[in-house]
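Please open the structure in your viewer and follow the stops below in order. Each stop states what to select and what is found there.

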Amino acid sequence: MARRIDVTGAGGVRLAAWEFGDPPKGEPAALLPEQRVADGTRAGDPGIGPGDHDRSPGVLLLHGLMGRASHWASTARWLSERHRAIALDQRGHGQSGKPPQAAFTREAYVEDAEAALEQLGLAPAVLIGHAMGALTAWQLAARRPDLVCGLVICDMRASALGAASQREWADWFKSWPLPFATLADVRKWFGEDDPWVERPNPARGEFYAEVMHESPDGWRPVFEPDQMLRSRETWVYDAHWEELAQVRCPTLVVRGLDGELGRAEAQEMVRVLPRGQYAEVADAGHLVHYDQPEAWRTAIEPFLDAVLAP
């Protein structure tokens, strides 16, 4: 069962946070839709707030560009056996707000995550981020160390990617054969026919099927590609090593052997981090947690057990 909690992000953007498992015994349950108000608390109830730290740290999961909270469902469910684990649909993604005038800057994404931690009463929390979500996580950890007690960085580079990378992404979006006639067509194109696919990858097809919705003329993404490109251009031209070095909490850098983060760069990130650790997942590409959920759990669970120990 998934429970939704509304959070108010930077600039008043409405964000959808999701709890994919029952809260640990003694923890407050997330709110049902009819119980939500703007700040995520139950009407007429004191709710949970940033001062409520009488429980073990919570976990906030942040998806990557084009992702959505549901991509974390399997991770959130096993985490929820012992901890309060919440996945956030970031601005422009999933069921969160997509106002055309909204800011899609690094600052806005970081402020959204900060607002989620405070309004959900999760802090001090472990942040688990994939790709863009990982960058948001370490930028927040550097900025607000009081809110973050641990960090998992999944397949995100600290180096600048450059203008050529942004052009490649713009061309890739244009190559999508929209609208897709069926979800089966979505799965086949992203899992087999996409020129970016080196070999058939059913998990990749399923990943993108989750970010499509049915429109009058067929299946289209739940996000606006232009907003994704605007989001991406705010980080691809810059390196992020300095912010990484400012992260003081224990941090695990995880890469898939066939992912976008190379081993040498990942190990340099671990060296730069004051309390960095390293893990890698075999037979996984960029979508590590989605490609190999059991191996992903094996890679991160010992780290989380140590950080989240009572």
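In which loop is the place of aspartate 155? Select this residue in the predicted model: aspartate 155 lies in the loop between strand S6 (148-154) and H4. Its phi is near 50°, a positive value in a residue other than glycine. With a relative accessible area of 2%, aspartate 155 is buried.

Next, select aspartate 283, in the loop between strand S10 (276-281) and helix H10 (288-291). Here phi is also positive, near 55°. Aspartate 283, however, counts as exposed, at 63% relative accessibility.

Proceed to the cis peptide bonds. Select alanine 123 and proline 124: the bond from the former to the latter is cis, with omega near -5°. Proline 124 belongs to the loop between helix H2 (106-120) and strand S5 (125-130). Then select leucine 178 and proline 179, which are also joined by a cis peptide bond, with omega about -5°. Proline 179 is in the loop between helix H4 (163-175) and H5.

Now display helix H5 (residues 183-193) together with helix H6 (residues 202-209); their axes come within 7 Å and cross at roughly 130°. H5 is therefore oblique to H6. The crossing is right-handed. To view the contact, select Leu183, Val186, Arg187, Phe190 and Gly191 of H5 with Arg204, Gly205, Glu206, Tyr208 and Ala209 of H6. By class, these comprise five nonpolar, two polar and three charged residues.

Finally, select cysteine 149 and cysteine 249. The closest cysteine sulfur to that of cysteine 149 is in cysteine 249, 7.3 Å away, and therefore too far for a bond. Across the whole structure, a search finds zero disulfides.

Key: Residues numbered from 1 in each chain as written. Predicted model: local features only at pLDDT ≥ 70, side-chain atom pairs only at ≥ 80, totals over all residues. Heavy atoms only, no water. Disulfide = S-S within 2.5 Å. Axes fitted to C-alpha atoms, helices over the stretch in contact; angles between N-to-C directions. Helix = DSSP H or I, 4+ residues; strand = E, 2+ residues; numbered from the N terminus. Parallel < 35°, antiparallel > 145°, perpendicular 65-115°, else oblique. Left-handed = near helix turned anticlockwise from the far one by under 90°. Contact = heavy atoms within 4.5 Å. Nonpolar A, V, L, I, M, F, W, Y, C, P; charged D, E, K, R; others polar. Buried < 20%, exposed > 50% of the residue type's maximum accessible area, 1.4 Å probe, protein only.
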